[in-house]
Structures are given as structure tokens and as C-alpha cells.
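The points take up a set of strands and then the surroundings of the ligand.

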Amino acid sequence: MRYNARMDVKQQIPLSQFSTMRLGGTAAYVLEIHDRFAIAAALAWAKERGLPVIMIGVGSNIVWRDEGFPGLLLVNKIKRFEEQQEDDENYYVTIGAGENWDEAVARTVAKGMTGIEALSLIPGTAGATPVQNVGAYGQEIAQTLVSVEAYDTQTGTLVNIPAIDCAFSYRTSRFKTADRGRFMITAVTLHLLRRNPQPPFYGAVQAYFDEHDIHDYTPQALREAVVAIRRSKLPDPATVANNGSFFANPIVDEGTLSQLTADYGTVPHWPAGEGQVKIPAAWLLEQAGFKNFHDPETGMGTWPAQPLVLVNEHAAHTAQLLAFKQQIIDTVHQKFSITLEQEPELLP
Ligand SMILES: Cc1cc2nc3c(=O)[nH]c(=O)nc-3n(C[C@H](O)[C@H](O)[C@H](O)COP(=O)(O)OP(=O)(O)OC[C@H]3O[C@@H](n4cnc5c(N)ncnc54)[C@H](O)[C@@H]3O)c2cc1C
């Protein structure tokens, strides 16, 4: 228990406080990490006790199982905001993994930089952004990320992983797939540009600019547009328990799209690589009858302004969320023969 006292490991903590869906069992041990050099000692502590380890940010993309986590949960609180290099065009910044993402975006926007302003208001930490290659309104972190600094649990060293080695694609990376759990991310380095964002903008953003007669497309203007659009469509996880979009937008081949168009008329979609299109999962949910849907049995519902956001209205157990989720997946599959994939991670 020597390390325990020194490292302030807490015991038997409800996992609901580490998920914006506010569900889940109990974590056996929880430790906040404020310094990248504290990770090795924390892992040694867990190893001595034969415990599994998971590192998280604030749980805005996590659903915890009711069974809980019998290991050591590391909550990343590493703070850092280091401007590496800047000139008339370029700006490089290293951001600690535990920094609040939106605050970091605000700081770069205030300096007039473009690159991440469309990712404004995405809940969570900077360190989690590469994990699912966060994206919104036409930007994704893969476009500006230079490298990820992480503690490699396989080699026991701090490493710098260049973006090209992160295996980024739509809402995923090596941190979520082949190397899940291997790297404890301590910082991200981004390359932003000192200029205005360039049109064409995402449809909803352009509509906002037009409606508000905005023609000076500064990073700040784009940030404000995105913040306003998100506030009008998405619930604030501080007051409404949710994990944002619960399903990824499915990618289907053009043959499937033709069939859907024949059956349902106009089907919203956008290109997703050779012969493939992405269909908004929100449209599928609406067509399947889940718009503004409230299920008294599970205590779950869909957010009125955006059915893709499942909200915990009064569910007490993850099993209820999973039952609701399955009901949606089955109904959508029956109607469209498309299988929706869950976006937030079910842990452990
Ligand atoms: C209302 C709402 C809106 C959202 N909108 C969007 C959106 O527009 N676009 C989008 O892409 N996402 C969106 N999300 C999802 C979520 O905000 C992002 O995935 C975010 O990056 C999660 O950050 P977090 O700190 O909460 O990570 P967590 O939920 O704590 O963790 C997510 C995953 O990353 C891992 N992880 C976290 N930090 C580290 C670290 N330092 N080292 C190693 N692994 C780590 C965890 O183990 C877990 O696997 C939304 C969520 C909500 C609630």
C-alpha cells in the first residue's frame, strides 16, 4: 500500500462519473495522472497487483458496463500548451492530453489560426481526439495533427508517433483498433495555419453565414457558427446525459444507395471513396420511427433535435441503454438491411 498512499489511488468509485451517459458499475481503483512521468509508476503499481489499466479523458465517448472495471482507471489531467514554432503562415502547438479540447480550440482561434475551429465544442480532452479521429463540420483532427506523444506500454518509453503512423480514417485510428490500450497519450502536436478558413463550407455552416450576413470567414466566425449550430442541435452533456452521436454514419456501396432511392425516393448521402457513399444515420433513425422517441421501459430516448443522440432520461443500468440501442439497430436493419455501428466505446 506504499504506492497507494503516495499516488492517491482511490478505491471503489462509481464509473458513472467517468461517462457523460452517467451509467456503469464500479471501478476498483482510480488515479488521476497530472504528469506524463507519473505513468510508469502507476503501471508498475497495477502490474504488482495484476490489474488491467485503462486511460481515459472525461468519458464523453465511453459507455461503462454494469459489471464495472476490476482494474486501475487512469484519468488523464496532463496540462500543457506549448507554442513550438510560428511564422507568417504556420503555427505549431503541443497540447497536453488532459486539456479541455474546446478551451484549446478557443486559444488557437483567438490567435487567428485555422485548422481546428470547426471542431469547437466537441466535449472531452485533447488527448482523446486522435483516438477516434474526431471530426465535425468538414474538419477532422487527422488533417492538422503532426504527432501524438504517448507512453508506450509495450516498450515502457515515451514515444512520438507521426500522424502518418496513426492509421487514421473515418472515426478511427490505430489507438482504437490494432493498438487499442497500448498507448497512454500524453500530448498532441498540431500544425495550424495563420489565415482564414477556405470555402466551400459544410452546408449548415454556409447556411448560418448566409442567414447572418457573414462574409468575412475568419477562424473566429467559423467557430461561432459551429458553436451556435451545435448548441441548437445537441444537448449539453453537463445537464443531459448523453454520448453525442451514438451511431457512426454507415458507408454503403452505390448499389445499396440505388436500391434505397428506388424504395424511399431521395436519400441524403455524400461521397465516401471509390463507389461508396455515406448515409446519415440520423436519417435512417428518423425513417425507422425514432425521431423524438421516448422509451419508458428502458428510460432512454432520442434527442428531439437530433435522433442520433441517445439520451439517458432515467435509465439506471447500462443494460437498459444496450437494450434500447439494440432495438434501434434491429429496426433499422429490418427496414434497410443496414447494420448501424455504435460510436462510443463499450468498456471494459
Ligand atoms: C454532446 C457530444 C457531442 C459530441 N460530438 C462529437 C463530434 O462532433 N465529433 C466527434 O468526433 N466526437 C464527438 N463526441 C464524442 C467525444 O466528444 C469525443 O470522442 C472526444 O474526443 C472524447 O474525449 P474524452 O476525453 O471524453 O475521451 P473518453 O471518452 O474519456 O475516452 C474515449 C476513448 O479514448 C481513450 N482515451 C482517452 N484519453 C486517452 C489518453 N490520454 N490516452 C489513451 N487513450 C485515451 C479512452 O480509453 C477511450 O477508449 C461527442 C460527444 C458528446 C457527449
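1. A strand here is a DSSP run of E with at least two residues, and strands are numbered from the N terminus. The model is a predicted one. In this model, a hairpin with two residues in the link connects β18 to β19. The pairing of β18 with β19 (residues 306–312) is antiparallel and comprises four bridges. Within this pairing, G301 faces V311 of β19.

2. Strand β18 (residues 300–303) also pairs with β17 (residues 294–295), again in the antiparallel sense, through two bridges. Here D295 is placed opposite M300 of β18. Four residues lie between the strands of this hairpin, and G299 adopts a positive phi near 75°.

3. Which residues come nearest to the ligand? They are M55, S60, P123, T125 and E345, out of 32 residues around the ligand. Several strands contribute to this shell: β3 (53–56), β8 (135–136), β12 (183–193) and β13 (242–245) supply at least two residues each. Sorted by class, the shell contains 16 nonpolar, 13 polar and three charged residues.

4. For N61, a backbone N or O atom is 2.8 Å from a ligand oxygen atom. For G135, a backbone N or O atom is 2.8 Å from a ligand nitrogen atom. In R230, by contrast, a polar side-chain atom is placed 2.8 Å from a nitrogen atom of the ligand. On its own the ligand has 980 Å² of accessible area, of which the protein covers 93%.

Key: Residues are numbered from 1 along each chain as its sequence is written. This is a predicted model: local features need pLDDT of at least 70, side-chain atom pairs count only at pLDDT 80 or more; totals for chains, interfaces and linings use all residues. Side-chain values use heavy atoms; hydrogens and water are left out. Two strands pair if DSSP finds at least two bridges between them. A residue is near a molecule or strand if one of its heavy atoms lies within 4 Å of it. A polar contact is a pair of N or O atoms within 3.5 Å; within protein, one must be able to donate a hydrogen and the other to accept it, and residues adjacent in sequence count only if both atoms are side-chain atoms. Accessible areas come from the Shrake-Rupley method with a 1.4 Å probe; for residues, only the protein chains shown count as cover. Ala, Val, Leu, Ile, Met, Phe, Trp, Tyr, Cys and Pro count as nonpolar, Asp, Glu, Lys and Arg as charged, and the others, Gly among them, as polar.
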